[in-house]
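Visitor: I'm new to protein structures. Could you show me how to read one?

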Amino acid sequence: MVEDPLATADCLQITREVGFDQLLTGRGGKPYTTSCPLPFQADSVKTARDVTRNTLRGWGLHDLSDDAALVVSELVTNAVRYAMRSSGRREIELLLMRVSPHVLLAVADPSDEVPRRKEPDFISENGRGLYIVETYSQSWGWDRLARGGKAVWALFRTEP
């Protein structure tokens, strides 16, 4: 549930004005922005969790680091899965951006396939990723990238 729709809109507007493509390459010029290219391999999930935890702790957001690391794990797992289906480049990139009172996490992959949340099947070993993202974040969504592919993002509130 979005408690402050104007603050949320402001945070997301920055990504539209600057563009995920520039933010992901570090050319966005915004303070409190970290981007990290991730190799196309399973251990990228651990790297993304570590970068997320370290970045958030560096920003003084210790309480958010575990939930955000869980969400980033799900986003990167999905990115690796869908990048396998893409022809051409297989780059995955992680973006963390702090725009008080929010933190935006985004994972870009080369797939143009639209993310769809499924009803969770708690017996199955997969299919719960976006359910987890939706449960732990304030909101989530995705944007197409100008260079092709998409960025799937999750928004967290940093203040009660």
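Guide: Let's take a few features in turn. This is a predicted model, in which local features need pLDDT of at least 70, side-chain atom pairs count only at pLDDT 80 or more, and totals for chains, interfaces and linings use all residues. Residues are numbered from 1 along each chain as its sequence is written, and side-chain values use heavy atoms, with hydrogens and water left out.

Visitor: Where does L96 lie, and is L96 buried or exposed?

Guide: Helices (H or I, at least four residues) and strands (E, at least two) are DSSP runs, numbered from the N terminus. L96 sits in strand β2, residues 92-99. As for burial, buried means under 20% relative accessible area, exposed over 50%, and partly exposed in between, using a 1.4 Å probe and protein chains only. L96 has a relative accessible area of 0%, so it is buried.

Visitor: Which residues is L96 in contact with?

Guide: Contact means heavy atoms within 4.5 Å. Leaving aside neighbours within four places in sequence, the contacts of L96 include T34, V51, W59 and L104. Take T34: L96 and T34 are 62 residues apart in sequence, yet their C-alpha atoms are 5.2 Å apart in space.

Visitor: What about S44?

Guide: S44 belongs to helix α3, residues 44-58. S44 counts as buried because its relative accessibility is 0%. A polar atom of the S44 side chain lies 2.4 Å from the backbone oxygen of P39. Not counting residues up to four places away in sequence, S44 touches L38, P39 and V76.

Visitor: How many salt bridges does a search of the whole structure find?

Guide: A salt bridge is a side-chain nitrogen of Lys or Arg within 4 Å of a carboxyl oxygen of Asp or Glu. The search finds 4. In one of them, K46 meets D50 at 2.6 Å, N to O. Both lie in helix α3, 4 residues apart, about one turn of the helix. K46 is partly exposed, at 46%, and D50 is partly exposed too, at 30%.

Visitor: Which salt bridges link distant parts of the chain?

Guide: One joins R147 and E93, with the closest N and O atoms 2.6 Å apart. R147 is in the loop between β4 (139-144) and β5 (150-157), while E93 is in strand β2, 54 residues apart. R147 is partly exposed, at 33%, whereas E93 is buried, at 11%. Another pairs D109 with K150, at 3.0 Å between the closest N and O atoms. This pair links D109 in strand β3 to K150 in strand β5, 41 residues apart, and both residues are buried.

Conventions. A polar contact is a pair of N or O atoms within 3.5 Å; within protein, one must be able to donate a hydrogen and the other to accept it, and residues adjacent in sequence count only if both atoms are side-chain atoms.
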